[in-house]
Amino acid sequence: MMLDRRRLLTSALTLGAMHAFPGLSLAQARPLVFATFTGSWEEAHKAVLVPAFRKANGDAPIVLDPMLSVDQIAKVNAAKASPPIDVMLHDPGPALVAIGQDLVEPYPADKSTHFKDLIPEAQDAMGPAPFFQVVGLTYNPETVKTPPTSWADLWKPEFKGKVGITNLNSTLGTGWLVEIARMRGGSEANVDEGFKALEELKPNLAAVAANPGALATLFQQGQIDISPGNFNAIQILKARGVPVEFVAPKEGAIAFKTTIHVVKNSPNKELAFKLIEAALSPEVQTTLMNSPYLIVPTNTKVAMSGEIAKVLAKDTAELKKKFVFQDWKKINEQRASWIEKFNRDIKI
Amino acid sequence: MKSATTARITAPGDVTSFNLGLALPLGVAFAIFFVLPLAQLLYLSLHNDTAATVWGLGQYIKFLTDPFSLAVLGSTLLLGAEVTLACLVLGYPIAWLYQRSGSRLQTLIIMIVLLPLLTSVVVRTFAWIVILGRQGIINSVLQSLGLIGTPLRMIYTQGGLVAALAQVQMPLMVLPLITAIGRIDPNLSDASASLGAGSWRTFFKVMLPLSMPGIIAGCTLTYAAAITAFITQSLVGGGQMLFMPMYLYQQASTLQNWPFAAAISIIFLFAVLAIVALFSTLGRRARGYGDAR
């Protein structure tokens with residue numbers, strides 16, 4: 001064969017194309033793709049969930065492709081017939097969007113070993129919740145000597161110019177608004193009281209962060225001393241030596257289900273089911289509950305221990321008593337108008 | 001074969017013509033990765049419902065008749081103007097100094113100007129949070145000097161944001177200025193001085209008009225970078241100061257209202273294009289002004 005310039009160029013282009021579009025060379029069988037969240041979730045899943053899944057399924061190939069819920073939905077939407085993701089992970093709001101857009105399969109609960117062991121709130125037919133995210137009060141123990149006990153403490157005059165909140169872009173911000181509305185007689189369908197309460201909070205507000213991650217920075221910089229916060233995010237800060245403590249308010253800590261779903265038309269449905277089973281199993285949930293992950297379990301067979309037992313709940317019965325669940329279907333209906341109102345009214 | 005070679009030698013191509021073929025790869029890439037998505041964005045924005053099934057101008061009407069949305073656009077454009085002005089006022093002397101320094105100092109200045117570009121914008125922005133924070137450098141210095149009792153609130157304020165953005169975008173202003181000022185014949189200011197003009201007069205009548213191309217280029221770059229700086233705007237500006245990039249993100253990401261988000265992008269794009277066009281018109285007029293004198 002003559003190796004002329006043209007032929008070399010063609011081969012180079014082909015090789016380049018195969019590199020750029022790996023789908024060309026991979027005929028059908030691709031590994032199971034699990035879109036987890038970025039950051040501490042990815043770390044936890046890589047270290048615990050993936051090895052457990054591999055061990056139970058003869059080293060089945062699996063790829064973690066961490067991205068935000070919104071990106072997961074956009075990617076699957078762009079190729080509904082052959083989705084590039086097999087298993088999605090969602091917060092309550094995006095989960096409803098994914099279900100509403102017909103992107104996920106119902107979970108085959110009848111052939112599941114662990115589904116019936118989950119607490120009832122986690123048994124969602126369209127995709128169970130393997131974990132909770134918990135939102136309570138976060139404070140700096142060096143400046144706040146008496147630990148807060150209620151959401152209402154944020155309005156105390158002693159916290160003038162010390163309170164941080166997030167805007168409603170985040171699940172945390174929206175969930176918290178609903179909770180303070182509830183505290184004053186409102187509900188998921190009516191947060192007017194919550195907005196009134198926000199108005200009264202203004203003298204105390206030091207910062208409205210653009211996202212929950214920014215709250216962490218504000219604590220580190222001493223910009224705020226108290227705020228609503230995510231239990232897991234606080235544990236990470238604490239581990240880094242930032243003086244922060246988490247406390248569940250007496251009204252109840254807000255619990256968000258993180259649900260896991262089999263993507264519709266996935267070529268790896270069976271493996272996807274197996275991965276979710278692993279995520280629901282008491283073994284994986286127990287490991288993830290312990291330090292350093294401290295992820296709140298949903299399987300009733302997991303015995304609570306460590307920091308979670310100390311700060312949140314000793315067992316599932318107490319957990320159900322101390323946690324507040326919200327109706328995100330109702331919240332989603334009006335979230336757009338709340339965000340608009342927040343944009344307009346909350347200026348400090 | 002021989003005749004063909006001679007023909008090529010005897011009839012060289014017109015040196016003023018150019019071969020479009022060489023621009024083809026970049027052109028195709030532009031068409032696929034820029035023009036096509038832009039067309040898709042426009043298509044999406046011309047729908048009245050979130051599922052993009054009903055055609056209409058509803059999203060544009062919604063934005064352009066809503067005082068709140070217009071205020072967001074206005075404050076974004078104003079933020080860009082403030083940052084650009086700050087960069088120009090602070091950056092011009094640096095570029096000036098550069099041209100009047102020895103080569104060793106020039107290397108140092110260029111290093112200092114370029115250094116911020118070598119770190120990520122996220123790192124630079126976090127540095128500003130540390131500087132401006134309640135227990136930050138500025139507040140602790142002022143407090144230890146006894147000038148203030150309680151810490152000043154600087155992050156999550158417009159002033160803090162302008163300062164941070166001005167530093168983050170400074171290289172975009174200084175580099176074009178250095179080039180433009182370098183092209184000015186140093187004899188011109190001497191001539192101006194020998195003809196009796198004071199140093200301020202020389203600056204305003206000679207140096208400033210001649211460095212106008214650099215000013216225009218620097219302003220355009222800084223302006224475009226400042227108004228689209230999503231990271232710095234959200235980290236130093238916070239969640240209650242709403243600018244176009246965050247507004248867009250909110251609509252697209254949190255609310256999944258893609259048609260409205262698309263309309264916001266298109267409106268934002270045209271607003272920025274208008275400003276850039278204004279800059280380049282000013283630039284052309286300034287060049288005429290420079291030539292005339």
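These legends go with several views of a predicted model with chains A and B.

**View 1. Where chain A meets chain B.** In this predicted model, 22 residues of chain A are in contact with 22 residues of chain B. Three elements of chain A, β6 (205–209), α7 (212–220) and α13 (328–345), each supply at least two residues of the side that touches chain B. Of the elements of chain A, α13(A) gives the most to this side, with five residues.

**View 2. The make-up of the side of chain A that touches chain B.** What kinds of residues make up the side of chain A that touches chain B? Eleven are nonpolar. Eight are polar, and three are charged.

**View 3. The helices of chain B.** Chain B has 14 helices and zero strands. From the N terminus on, its elements run α-α-α-α-α-α-α-α-α-α-α-α-α-α.

**View 4. The spread of chain B.** Why is chain B described as more spread out than a compact globule? Its radius of gyration is 25 Å, whereas the globule rule gives 19 Å for 293 residues. The value for chain B is well over that of the rule, so the chain is more spread out than a compact globule. Along its principal axes, the C-alpha trace of chain B spans about 70 × 65 × 35 Å.

**View 5. Burial and contacts within chain B.** Of the 293 residues of chain B, 32% count as buried. Consider next the contacts in chain B with a separation of 6 or more. Residues 24 or more positions apart account for 73% of these contacts.

Notes. Residues are numbered from 1 along each chain as its sequence is written. Chains are lettered from A and ligands numbered from 1 in the order in which they are written. This is a predicted model: local features need pLDDT of at least 70, side-chain atom pairs count only at pLDDT 80 or more; totals for chains, interfaces and linings use all residues. Two residues are in contact if their C-beta atoms, placed from the backbone, lie within 7 Å. Helices (H or I, at least four residues) and strands (E, at least two) are DSSP runs, numbered from the N terminus. Ala, Val, Leu, Ile, Met, Phe, Trp, Tyr, Cys and Pro count as nonpolar, Asp, Glu, Lys and Arg as charged, and the others, Gly among them, as polar. The radius of gyration is taken over C-alpha atoms; the globule rule is 2.2 Å times the number of residues to the power 0.38. A residue is buried if 20 or more other C-beta atoms lie within 10 Å of its own, exposed if 12 or fewer, and partly exposed in between; C-beta atoms are placed from the backbone.
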